[in-house]
Each structure stands twice: as C-alpha cells, then as structure tokens.
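User: I have a model open and I'd like to go through a few spots in it. Can you take my questions as they come?

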Amino acid sequence: MIALVHSLAHIELNAIDMVFDMIARFCQMDLPRTFWDEAVKVGLDEARHYEMISRRLEELGSFYGDLPAHGGLWDATIATRHDLLARLAIVPLVLEARGLDVSPSMMHQVRSAGDEATADIINKIYIDEITHVAFGIKWFEYICAAQDVNPHTKYRSLVKKYFRGPLKPPFNEMARTQAGLTADYYQFDMKPAGPDHA
Ligand SMILES: [Fe+2]
Ligand SMILES: [Fe+2]
C-alpha cells in the first residue's frame, strides 16, 4: 500500500509541476483569459491531490521521497516544451485520461485490501481528473480550430511523435465520454495501418 500511495504522490507532485510549467512556458501565447484561469484551477486541484495523498502516505508510516520514483512524466513535459498542442495532447489527453482508465480498478483493489481512507482519496482525485481531461480536450480543439487543423488528425500525429507505444485498452469509456474525449481520440491504434497511420 505504501508503494502504491507513494507512486500516486509522485504523479500528483509531477502534475503540479507540469501544469505550472505549461502556464509559464506558453504564457506568451494569445489565448483567452479563461484558458489561464482554468489552467490555474487544474494546478490548484493537483496541489490538493498531492496534499491529500502525501498526508495519507504519512498516516501509513512513510513519506514522499522515501521510495525511488521514475522520471517518465517529466520526460513527457520536456519532450513537449516547444508546442502547447503537443503538451495538451500528451499530458491531459494521454496521461490524465490513462489515469481515468486505471482509477476504478485501483479503487476496487484498495477497498478490497480494507483501506477505505486511501480508496476515498483516489475517488476524489478521479472525479477531479475528469475535469482535467475536459480542460485538455476543450483547449486542444480550440487551438486546432484557431489554426484551422483537424483535431483528430493532429492528435494522432502528435501522439505518434511524442508518446512511446500504443494507447492501451481497456479504456474507461464512461469517464472519457464524460470529459468529452470521444473514441476518435483513442481507438485509432487498434485499427490496421492505413493512410491515417502514415
Ligand atoms: Fe491529480
Ligand atoms: Fe490532473
């Protein structure tokens, strides 16, 4: 349980850094004020998530930093540092959407192990993360429309360029749909190679 909660604390800490990196790095872009307001709200959520989960880790007798952690999330941030569309494609629309896929079964496992407190925190985070994916898709499509590019085609090319490996099912279609992330954004890797896959 400590290893699991530690890995969640690591994800949330990275999530704080990733969203404020986005705000600082792309602040020269001409976007509506609401983009920045909503981004800050996501950052505030991530800070609350980190606080909740790191406090739980301490209740379990550990602390954040007690275990080794991977640098994969920050690598994704660095890889997309030059392009806001790539950042939105990879961070909310691949990584945070992936979080929605794995959360229900993780919650179930944690509850089965008798840790209601951790399961409740995972559930709170899960509900917020749906809104983070919604933020990602809303603004990804807004910028694509402003640049007059097809969002689905653009998304596929960005994922192929910046994300290693296929988007793996099972997908949490209910939560993804709730966030506004339609199947066009995640079912394409399962189709046979065609012109879209060039
Ligand atoms: Fe989070
Ligand atoms: Fe998030």
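User: Where is D148 found?

Analyst: D148 is found in the loop between α5 and α6. Keep in mind that this is a predicted model.

User: Is D148 buried or exposed?

Analyst: D148 is exposed, because its relative accessible area is 71% and the cut-off for exposed is over 50%.

User: Which residue just after α2 has a positive phi?

Analyst: That is G61, with a phi of about 100°.

User: While we're at α2, what should its span be, and what is it in the model?

Analyst: α2 has 27 residues, and at 1.5 Å a residue they should span 39 Å. The end C-alpha atoms of α2 are 39 Å apart, so the two values agree.

User: Back to backbone geometry. Which peptide bond is cis?

Analyst: The bond from P169 to P170 is cis, with omega near 5°. P170 sits in the loop between α6 and α7. As a general point, most peptide bonds are trans.

User: New topic. How many residues are in the largest nonpolar core?

Analyst: The largest nonpolar core has 56 residues. M22, F140 and Y155 have the most contacts inside it. The helices that each supply at least two residues of this core are α1 (2-25), α2 (33-59), α4 (84-112), α5 (116-146), α6 (151-162) and α7 (173-179).

User: What does Y155 touch?

Analyst: Not counting residues up to four places away in sequence, Y155 touches A89, L93, V94, F140, L167, Y185 and F188.

User: What about α1 and α4, at what angle do they cross?

Analyst: The axes of α1 and α4 cross at roughly 160° and come within 12 Å. That makes α1 and α4 roughly antiparallel, because the label applies to angles over 145 degrees. The crossing of α1 past α4 is left-handed.

User: Which residues meet there?

Analyst: From α1 there are L4, L8, M18, D21, M22 and R25. They meet L84, R87, L88, V91, L95, M106 and V110 in α4.

User: And what is the handedness of the crossing of α1 and α5?

Analyst: The crossing of α1 and α5 is left-handed. Here the contact is made by V5, L8, E12 and M22 of α1 with T118, I122, I125, E129 and F135 of α5. The axes come within 13 Å and cross at roughly 25°, and α1 and α5 are therefore roughly parallel to each other.

User: Where does H152 lie?

Analyst: H152 lies in helix α6 and is partly exposed, with a relative accessible area of 25%. Leaving aside neighbours within four places in sequence, H152 is in contact with T182, D184 and Y185.

User: Last one. What does R111 touch?

Analyst: R111 touches E116, A119 and D120, not counting residues up to four places away in sequence. R111 lies in helix α4 and is partly exposed at 32% relative accessible area.

Terms used: Residues numbered from 1 in each chain as written. Chains lettered and ligands numbered in written order. Predicted model: local features only at pLDDT ≥ 70, side-chain atom pairs only at ≥ 80, totals over all residues. Heavy atoms only, no water. Core = buried A, V, L, I, M, F, W, Y, C linked by side-chain atoms within 4.5 Å. Buried < 20%, exposed > 50% of the residue type's maximum accessible area, 1.4 Å probe, protein only. Helix = DSSP H or I, 4+ residues; strand = E, 2+ residues; numbered from the N terminus. Contact = heavy atoms within 4.5 Å. Expected span 1.5 Å × (residues − 1). Axes fitted to C-alpha atoms, helices over the stretch in contact; angles between N-to-C directions. Parallel < 35°, antiparallel > 145°, perpendicular 65-115°, else oblique. Left-handed = near helix turned anticlockwise from the far one by under 90°.
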